[in-house]
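Today I looked up a few local features and jotted them down as I went.

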Amino acid sequence: MFNIVKGTHDVIKEEAKKYSYIEEALANFATIYGYKEFRTPIIENSELFTRSVGNSSDIVRKEMYTFEDKGGRSITLRPEMTAGTIRSMVNEKLFAIQDYPVKAFYCGPNFRYERPQQGRYRQFNQFGVECAGVTTVERDVEVIALAYSMLQFLGFEDVKLSINTLGDEETRTNYKNALKEYFSKHVDNMCSDCKERFNLNIMRILDCKVESDRKIIDKAPKISSYLSTNAKEKFDKTLNYLKDLDIPYVIDEELVRGLDYYTGIVFEFHYTSKNGNNYGAICAGGHYGHLISEIGGPDLEGVGFAFGIERLAKVMEDDGLFPDLDDGIDLFIMPIGEKARNFSVSLAYNLRNLFFSTEICYEDKSFSQMFKKAERRNAKLALIIGENELEKKEVTLKDLNTKEQETIKIDDLLKVLYKYFEQDEHNHEHSEHECCCGHHSHQDCDNDDHECHHEHDESDHCCCHKHEK
Ligand code: ATP
Ligand code: MG
């Protein structure tokens, strides 16, 4: 037995289905907004993250999985996906060859050496978007609106958007001076991380989660008092748009986010499930002013966010927000005897090629054992094939829901199955692929209403695919 690595988790079966459901829904939404998928490497040169995520961030200071490869290069397992995505845009010269903004969405695992706890893993999955080449407030708003729409689509009702602005250069210079003055009186009594933050990037102190430090931080100067006219105008404009779109928000002046590359607006979505669980931010993002040029690209800005899939799945599970992700099968074949078993091999092969999810019991089992197996697989129909029936070219089909059964000619099987599944589920998965005319031999198929491709001309079955509308 090998133990799983601390802070990692297996995502299997039903849970994997839930992850796929979330990821597919988010990808569809991102596509509607014009984002294209980017799949970048999990390993990157370490410098990419020290330069972008920043030396003062917790991620770079203590959470990165960094190692030297056999060629002596310093390699890091990505702790986040913005840096790699922007690097790819720069390397692929997308800023030179396409219109702005360059819109990317991504999904995949990230690695951070964090203390494992509820909603916090060492390997976790993110889904995110980057809208790069952007300076307008409207794009910032569009990105927040996208995240909000995604959450609404997934069924979240009272999701809380916390938003703040980190202002422009002028704002940050003045604000950092004010923080320096304030914290210089307190830093000796604060945690060791805050002592480092004091020197490296003082605004990061606001992100400290140590209880006794929080009391000091609560009394620190607020950024709203230091916003330049320009920064204030921009922030007000953002908030007005959010009001127009009916996206509820709260301003959280201590929200600075854990990555150094943010400038301008930053935001997080939080959600507490009905039983009181809150696993931390389920989505977080913001506007970055210098990241693209830091990574070697043009002097353009960008905005993006990332969802934490683990946290999202957890709160959705808590509040029953997943639809029925039925993983039942269409058919469970029960052959009785050797001949029936032989016949079942090709029958199952053909049925599966026609998109009927099919399982078979090849072992010698009693009827009741086979029915139990079918039940455990959540099968809709049982297909019983006895030796005598086989000689008469017949099979018995039992509806495991209604318990009704009928004996039919094998030649009629497909016709019966298509009819059953058409009635059973209007939008059954087969509808795109199945024979839409009910014939089970393509020679019989003369339906002119649609175009038929006879892809498998050699087969006995009709494989005409219904053309998409
Ligand atoms: P936190 O403040 O909770 O540490 P963060 O600011 O480090 O979050 P980001 O780097 O912005 O988070 O990542 C975006 C999202 O990824 C987070 O909102 C969260 O949902 C998820 N996430 C971040 N770290 C982890 C982790 N260790 N385990 C699971 N999910 C995570
Ligand atoms: Mg973190």
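I began with Lys398, whose bridge partner in β16 is Gln405. Strands β15 and β16 (residues 405-409) run antiparallel and are joined by 5 bridges. I noted that strands here are DSSP runs of E with at least two residues, helices are H or I runs of at least four, and both are numbered from the N terminus. Two strands count as paired if DSSP finds at least two bridges between them.

The two strands form a hairpin with 5 residues between them, and Lys403 in the turn has a positive phi of about 70°.

On the sources: this is a predicted model, where local features need pLDDT of at least 70 and side-chain atom pairs pLDDT 80 or more, while totals for chains, interfaces and linings use all residues. Residues are numbered from 1 along each chain as written, chains are lettered from A and ligands numbered from 1 in written order, and side-chain values use heavy atoms, without hydrogens and water.

Next I checked the other neighbour: β14 (residues 379-385) pairs with β15 in the antiparallel sense over 4 bridges. Here Leu381 has Asp399 of β15 as its bridge partner.

Why is β15 largely enclosed by the rest of the structure? Because 6 of the 6 residues of β15 (residues 394-399) are buried, meaning under 20% relative accessible area with a 1.4 Å probe, protein chains only (exposed is over 50%, partly exposed in between). Glu394, Thr396 and Lys398 point one way, and Val395, Leu397 and Asp399 the other. In a regular strand, side chains alternate between the two faces of the sheet.
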